Amino acid sequence: MLSCLLLLVLGLSVALTPAVASAGPLAAIRAAVTPQQPPQQPPQQPPDPASPNDLLKQLGISGYADPLSAQPGDTVRFHVSSESATYHASIVRVISGDPDPRGPGIKEEVVQTPVNRDYAGQHHDLPVGSYVTVPDAPALRLSGSFAITAWIAPTTIPDSNLNPLAFHRSPVGTPRPQGILTKWSDASNTGYGLFVDSDGSLALWLGSPGGRVEKVRTGVPMHPWDPAQPGFYATGGIVPQHTQPRWYFVAASYDAQAGQVTLVQEPLAPPPNLNAQLPDATRVSVQRSTSIQSLGQNQASALIAAYWTKSNQVGGFYNGKIDNPRLYDHALSPAGITGIRNGGGAADAFANWDFSQQMSTTQVVDVSQHHLNGSTVNLPIRALTGHNWMRQEQDWKRAPAQYGAMWFHEDSLADARWPVSFEFKVPDNQKSGYYAAKLETANGSHYYASFWVRPQQGKPTAKIAFLVPLFSYLAYGVTGPTEFSNVALSQYSRYEDGGGVFYSSRLRPLSNMQSEATGTPQAPRAHGTPWQYEADTHIVDWLEENNYQVDYFTDEDVQREGTKLLAPYKVVLTGSHPEYYSEPLLDSVHNYLNNGGRLMYMGGNGFYWISVPDPTGTFNEMRRHDGTEAWQTAPGEEYHSLTGEYGGLWRFRGRPPNELVGTGFTAQGFGAITGAANYSRPYTRNPDSNDPRAAFIFQGVGPNEQIGNFPSLQLQGGAAGEELDRYDYALNSPPTTLVLATASGFGNDYIFVVEEVNNTSNVSTTGGVAGQPPNPLVRADMTLGYYPKGGAVFSVSSISYSGSLFYNHYNNNVSRITGNVLRTFMSGGPLPGSPVS
């Protein structure tokens with residue numbers, strides 16, 4: 001589940017001294033977090049390698065397809081950025097995307113189409129940075145007195161190292177101005193704007209009609225909000241826990257007639273004493289004279305969290321939260337500023353942008369009579385606690401006025417907005433499957449812009465459907481080299497200011513959603529083991545090799561069309577790690593099973609996290625908390641902005657995966673990287689495997705034969721590994737389920753799921769506390785479950801399982817069992833002795 005992020009954790013854990021490690025996990029934790037004497041230099045977080053654009057350039061060429069799922073007759077558009085002057089494109093059907101020579105290797109078929117040719121290459125940047133844009137209007141072209149107020153929690157303040165163990169050590173990059181609310185043009189030096197200046201203090205910029213500029217600042221840097229504290233692994237800079245903001249009320253008033261500017265930056269006390277005055281040196285109120293008697297006007301749009309630069313591009317992105325920015329068309333007195341700070345003044349505002357309105361959309365509503373409405377760009381995070389959150393309500397729908405904050409980031413992205421480089425119209429007879437535009441340059445760089453071809457809507461071509469876990473691909477979707485996944489816009493990444501990534505868009509290059517994501521045939525594991533897309537092609541290859549006719553659909557297809565899309569199929573197969581599911585998707589699979597459908601759950605840790613797609617299918621949102629995770633949301637922010645539904649794990653919505661497929665996530669381990677023993681294991685048959693109802697599954701398999709007792713292309717020890725699921729009656733695994741086989745005996749490299757670690761009696765490692773037996777819940781259970789009308793679920797409960805299908809050129813008991821189940825399920829005939837009518 002944590003993928004390469006967890007590998008960093010494991011790398012840290014094995015670095016503990018042998019004495020500490022041998023004393024058990026609790027001693028190791030105590031040793032890691034207990035301050036040492038004398039005090040040592042605070043640990044330095046490794047510097048982030050570069051911006052998303054710098055990372056993307058390292059690939060040489062990249063691109064993305066739109067749409068990702070297409071049927072015959074549809075046109076797929078490809079958007080390409082190339083560092084080379086020319087590149088060659090060819091459409092290929094992907095059969096195997098894992099370059100490891102121990103397996104089938106790269107297998108692809110070129111689709112004959114005029115699209116396959118050379119193209120002129122051109123570099124394109126990613127237009128990163130989130131903000132709000134308000135269209136230019138005469139009412140915004142102020143020439144005289146005005147005032148601006150807002151509540152802000154900035155995360156990027158230069159030279160602010162207040163916490164020596166801070167997850168994020170400000171500043172981010174070079175100190176620079178950050179726009180709060182601006183109608184400013186650097187190109188003409190006209191307009192006005194409220195800023196966090198390059199010294200971290202509040203500033204007002206004024207531009208005269210002749211282009212003369214005055215910048216008035218408080219000169220006192222604000223305290224930064226450190227949005228994520230690091231937890232145990234402080235030196236690794238991972239698994240951040242989001243924190244509550246340090247809010248400031250800020251105000252700027254320009255009195256043109258008096259030639260005076262007033263600036264106020266005031267730190268807020270925590271609720272419920274919002275109006276109390278903190279003894280804080282960053283509380284500043286200054287008055288300065290200005291010689292600017294009127295403002296130069298411009299036709300630039302007004303921006304929140306950014307400003308227009310000299311090149312007439314949006315820049316100066318603000319990092320942090322902003323709540324309820326307001327613009328007044330007159331100067332404010334000190335008493336007026338105090339009144340606004342204490343909750344008044346809204347009716348007098350010329351423009352009053354209330355971020356608690358329309359939180360599920362990109363719309364930004366001005367509730368003043370002027371209706372100067374705007375829209376968000378690049379997905380600032382919405383439905384977040386505001387400056388006035390009283391800590392009594394956790395659901396923004398019940399107290400929306402307390403959720404008026406947006407969190408902006410300089411490196412967020414919704415849409416790369418690259419121009420179309422070429423198009424491919426899917427032929428009428430094109431076979432359903434995994435596809436890509438293979439992009440190649442003369443210097444050896446290449447990239448696969450992946451997409452899928454599904455059958456014509458309502459016209460199935462097979463008895464078998466493969467459900468491509470697109471929502472999980474998006475969650476893990478990295479833009480740039482995969483080794484920099486911590487800063488690469490996946491939902492396992494963090495933004496530059498330390499906060500976790502809530503939204504993941506498909507309209508960008510997804511570097512690990514392609515063949516050869518982990519390396520090349522010459523260096524097949526240069527970037528880790530196969531994961532998600534690459535691992536799923538182990539199943540695709542096995543289906544192809546055994547001549548099964550299969551229709552492929554993505555999560556997005558089922559999200560849109562529901563159970564009726566799945567209903568014609570005798571059997572549906574999942575990928576190796578279908579971890580992220582929306583409610584409509586989960587309902588569709590459940591309804592399919594209740595109506596006699598049959599599911600082969602071909603992986604581990606599936607149906608775990610709640611994922612919410614936006615109505616257009618452009619991006620998915622998630623709110624992490626209380627699970628085995630890469631970061632955790634702050635208190636009060638666990639409900640999605642898109643739908644208002646509760647986020648986190650499905651088990652905490654009363655829908656554990658055990659209820660759906662018989663097993664659920666129990667442990668994870670990646671010992672092949674750290675060198676730990678027992679990093680993957682074979683299954684041993686249980687008595688249920690001798691039940692006559694299971695005879696069809698084990699045809700050709702000996703009664704004492706271990707299943708998958710040979711290397712997997714995922715991990716080397718056996719078919720069960722990486723992430724494991726277990727049968728558990730207490731978690732609603734159906735009592736009629738047959739537990740056919742179990743893999744156990746995993747080493748201490750495996751970590752028990754955090755959501756079930758309540759005290760030292762069930763600590764997180766497999767081995768438990770010294771002197772106690774290993775944790776019996778760390779295992780993988782292969783099961784057969786039953787549904788009404790002949791429905792059934794076969795679950796393998798391991799990510800590594802699919803990597804074992806190829807061993808001995810498909811002649812092995814993992815391949816044999818999989819084929820036995822698939823043939824029986826797709827036959828449509830009754831299952832022997834099914835206990836459910």
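Predicted model: local features only at pLDDT ≥ 70, side-chain atom pairs only at ≥ 80, totals over all residues.
Y552 is buried, having a relative accessible area of 6%; buried means under 20% relative accessible area, exposed means over 50%, and partly exposed lies in between, with a 1.4 Å probe and protein chains only.

Residues are numbered from 1 along each chain as its sequence is written, and side-chain values use heavy atoms, with hydrogens and water left out.

Which residue forms an aromatic pair with Y552? The structure holds 43 aromatic pairs. Rings of Phe, Tyr and Trp (its six-membered ring) pair if their centres lie within 6.5 Å; planes under 30 degrees apart count as stacked, over 60 as edge-to-face, and the rest as tilted. The partner is Y434: the two ring centres are 5.8 Å apart and the planes stand at 85°, so this pair is edge-to-face. Because Y434 belongs to strand 28 (residues 433–440) and Y552 to strand 32 (residues 550–554), the pair ties together parts that are 118 residues apart in sequence. Helices (H or I, at least four residues) and strands (E, at least two) are DSSP runs, numbered from the N terminus. Y434 also counts as buried, at 1% relative accessibility.

Ring pairs also link F78, Y87, Y119, F422, F424, Y435 and F451 into a cluster.

At least two lining residues come from each of strand 4 (86–96), strand 28, helix 7 (533–545) and strand 32. The lining of this largest cavity divides into 8 nonpolar, 2 polar and 3 charged residues. Here Ala, Val, Leu, Ile, Met, Phe, Trp, Tyr, Cys and Pro count as nonpolar, Asp, Glu, Lys and Arg as charged, and the others, Gly among them, as polar.

Next, a charge over rings. R624 lies over the face of Y492, 4.3 Å from the ring centre, and over the face of W609, at 5.0 Å. The rule asks that NZ of Lys or CZ of Arg be within 6 Å of the ring centre and within 35 degrees of the ring normal.

Finally, two sheets. Two strands pair if DSSP finds at least two bridges between them. Three strands form an open antiparallel sheet in the order 31-38-37. Strand 31 (503–505) and strand 37 (612–613) are at the edges with a single partner strand each, so one side of each has no neighbour in the sheet. Strands 31 and 38 pair over 3 bridges, and S504 stands opposite N620 in strand 38.

The other open sheet has 4 strands in the order 40-42-39-44, paired antiparallel. Its edge strands are strand 40 (680–681) and strand 44 (751–752). Strand 39 (residues 663–669) is joined to strand 44 by 2 bridges, with Q668 opposite I751. Thank you for your attention.
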